[in-house]
Amino acid sequence: MTTTHSYDEARTERLRADALAIIARYPEPRSALLPMLHLVQSQDGFVSPAGIAFCADLLNLSTAEVSAVVTFYTQYKRHPNGEYTVGVCTNTLCAVMGGDAIWEDLSDHLGVGHDETTPDGKVTLERIECNAACDYAPVMMVNWEFFDNQTPDSARDVVDRLRAGDEVAPTRGAASVCSFKQMSRVLAGFTDGRADEGVGAGEPTLRGTVLARERGWTAPRFPAAPDAESGSGAAGSAVPERAGEPATGEPQSSAQRPATGQRDKDADTQTSTSKES
Ligand code: FES
């Protein structure tokens with residue numbers, strides 16, 4: 001764990017190489033801040049003061065600016081996180097389907113409350129908001145892997161096995177749950193090659209599609225957009241084009257324009273060229 005306000009030389013160099021790879025993905029360096037904070041968590045298990053200083057230094061931001069982002073998002077941890085974040089969904093649907101009961105039971109069983117970690121450093125317990133898995137309610141997440149259709153007993157069994165060091169498999173998705181630091185590295189954009197493991201969309205998720213196919217149901221057509229010239233509807237146009245702008249895919253449409261940062265640089269280059277001539 002790092003608690004000082006800077007990394008040693010070896011660690012800085014190792015992190016810098018990864019951070020530069022992240023920064024290279026964006027037209028503006030500061031856009032790399034979110035994945036860089038995940039990178040810091042993959043190193044320290046939370047966003048440490050040294051990690052904040054590292055990001056600020058590389059992105060030419062103040063530490064106050066970086067801290068403002070860290071404190072805005074709950075996925076960034078401001079104190080050392082456990083090896084496994086166990087999130088119990090207590091949003092409306094999961095709550096009425098048993099999420100509240102699971103939360104109460106796990107909190108009693110582990111002896112910790114929201115955003116608190118068990119003394120062995122294994123489990124950080126959280127109440128979480130809807131994870132778009134309401135068709136499997138009540139849902140629990142472990143390091144953002146799905147544990148569907150849980151009960152207080154099944155949830156208790158999962159955390160007991162995690163704390164015992166057993167390999168634990170979610171109910172769909174990856175074949176096993178990875179650690180908080182490993183997960184953070186993936187969120188920083190460094191793949192572990194496991195994205196396609198297991199089943200993503202299970203039977204309840206696909207039920208609507210299956211029913212629609214069986215019964216020949218289709219979605220209504222998107223309303224026709226007004227024609228820029230005549231004001232009449234442009235049948236078949238799924239996305240309204242703005243007056244005076246080329247349609248998507250045509251030369252100089254938005255799909256063809258350079259990114260904003262590049263446009264600014266091009267404009268600067270043109271300005272300085274015309275000044276010189
Ligand atoms: S309410 Fe829990 S996943 Fe949607």
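Which residue in β3 stands opposite Y84? In this predicted model, local features require pLDDT of at least 70 and side-chain atom pairs count only at pLDDT 80 or more, whereas totals for chains, interfaces and linings use all residues. Residues are numbered from 1 along each chain as its sequence is written.

The residue opposite Y84 is V123 in β3. Helices (H or I, at least four residues) and strands (E, at least two) are DSSP runs, numbered from the N terminus. Strands β1 and β3 run parallel and are joined by 6 bridges; two strands pair if DSSP finds at least two bridges between them. With β4, β1 forms 3 bridges in an antiparallel arrangement, and V88 has M140 as its bridge partner there.

A residue is buried if 20 or more other C-beta atoms, placed from the backbone, lie within 10 Å of its own. Because 6 of the 6 residues of β1 are buried, this strand is largely enclosed by the rest of the structure. Y84, V86 and V88 cover one side, while T85, G87 and C89 lie on the other.

A nonpolar core is a set of buried Ala, Val, Leu, Ile, Met, Phe, Trp, Tyr and Cys residues joined through C-beta atoms within 7 Å. The largest such core holds 27 residues, of which L106, V139, M140, V142 and V159 touch the most other members. Elements giving two or more residues to this core include β1 (84–89), β3 (123–128) and α6 (152–164), and α5 supplies the largest share, 5 residues. A second, separate core of 20 residues includes A32, L37, A50 and A188.

Technical notes. A residue is buried if 20 or more other C-beta atoms lie within 10 Å of its own, exposed if 12 or fewer, and partly exposed in between; C-beta atoms are placed from the backbone.
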